[in-house]
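Visitor: I have a model open here and would like to go through it with you. Could we start with pairing in a sheet and then move on to a helix?

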Amino acid sequence: MPLRVAVQMDPIERINIAGDSTFALMLEAQARGHTLHVYTPERLSLADGEVVARARPAEVRDVAGDHVTLGDETRLVLSRDVDVVLLRQDPPFDMAYVTTTHLLERVHPKTLVVNDPAHVRNAPEKIFVLDFPHLMPPTLVTRDRAELDAFREVHGDIVVKPLYGNGGAAVFRLTGDDLNYGSLFDLFSTTFREPWMAQKFLPKVSEGDKRILLVDGVFAGAVNRVPAKGDLRSNMVRGGAAAATDLTPREREICDTLGPELKRRGLIFVGIDVIDGWLTEINVTSPTGIRAVKRLGGPDAAAMTWDAIEARRAGAGA
């Protein structure tokens, strides 16, 4: 049965379709006969008790530079005019993002929001992961200098990053004798109002930071992201190179541990990050990796995601 799909995302005209997972999901939806509308978060409103979005119908094609045709703007009442909303704008996970989850929560699950907006709000990437400390490297969340000093004293070589950052922005490695430590602490203190995260540095990050995709709690492909020479960060938007990979027994254990909880929370499409067998993040806001995994011969996570969405809709009596 064709579904009416609205995609809450960053401006579609500006995306890089070669690696964009939202675009992959849209291509798969269109191939299945579903209709597509797109809107940006600022076009979402609550009017007289109804959640509405001023959206444009979209026709997509896998052609760089000519990947979308948009129709005239229309006003959608999400509880009436839409069957599925894909919540896919990129972080930062700030109050603007949080507000959209409160609005979308008002229509879910009558209109299925993917991922579940309440659980997206309650599971930011570097917070949700803290529910599984036995799978993580030593980790500290703080703004307190004394706590950070003590953590650094124990572990020496550490990585510091914003708690609500994304895409590898403002990720720093600090060695035990790094003279920039005090200056970096001052910079973070004045730049970020929230606490930040420190983790023990994992030297094998040079061999790759593995992005593992899970759909409805089930393994859906993986890609090993290898940092560019001279860079700590493996994010592909920061120059990391994607390589085909298999799961180790430890990584399968991580997936088996997380899977039931992801499914319970309605987190249908999730990307986790693993370095040297240690879980570092659980990405639920707008995870990427679909196109890289498929390009390297892995599973079609977009198709698996739509299988899961359609099953949820059918189970709800759509």
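Visitor: Which residue in β15 is the bridge partner of Arg 225?
Guide: The bridge partner of Arg 225 in β15 is Ala 242. Before going further, note that this is a predicted model, in which local features need pLDDT of at least 70 and side-chain atom pairs count only at pLDDT 80 or more, while totals for chains, interfaces and linings use all residues. Residues are numbered from 1 along each chain as its sequence is written, and side-chain values use heavy atoms, with hydrogens and water left out. Helices (H or I, at least four residues) and strands (E, at least two) are DSSP runs, numbered from the N terminus.

Visitor: OK, how many bridges join β14 to β15?
Guide: Three bridges join these two antiparallel strands; strands pair if DSSP finds at least two bridges between them.

Visitor: And what is the strand order of the sheet?
Guide: The open sheet has five strands, ordered β15-β14-β13-β16-β17, with antiparallel pairing. At its edges are β15 (241–243) and β17 (278–283), each of which pairs on one side only.

Visitor: Switching to α6, which of its residues are buried?
Guide: In α6 (residues 145–155), Leu 148, Phe 151 and Arg 152 are buried, where buried means under 20% relative accessible area, exposed over 50%, and partly exposed in between (1.4 Å probe, protein chains only).

Visitor: Why do they line one face?
Guide: Seen down the axis of α6, the buried residues fall within an arc of 95°, so they line one face of the helix; the arc is that of the directions from the helix axis to the C-beta atoms. The face turned away from the buried side carries the exposed residues Ala 146, Glu 153 and Val 154.

Visitor: What caps the N-terminal end of α6?
Guide: Asp 144 does, with a side-chain oxygen 2.9 Å from the backbone nitrogen of Ala 146.

Visitor: Last one, is Asp 216 buried or exposed?
Guide: Asp 216 is buried, with a relative accessible area of 14%, and its place is in the loop between β13 (209–215) and β14 (218–226).

Visitor: What does its side chain make a polar contact with?
Guide: The side chain of Asp 216 makes a polar contact with that of Lys 263, at 3.0 Å. A polar contact is a pair of N or O atoms within 3.5 Å; within protein, one must be able to donate a hydrogen and the other to accept it, and residues adjacent in sequence count only if both atoms are side-chain atoms.
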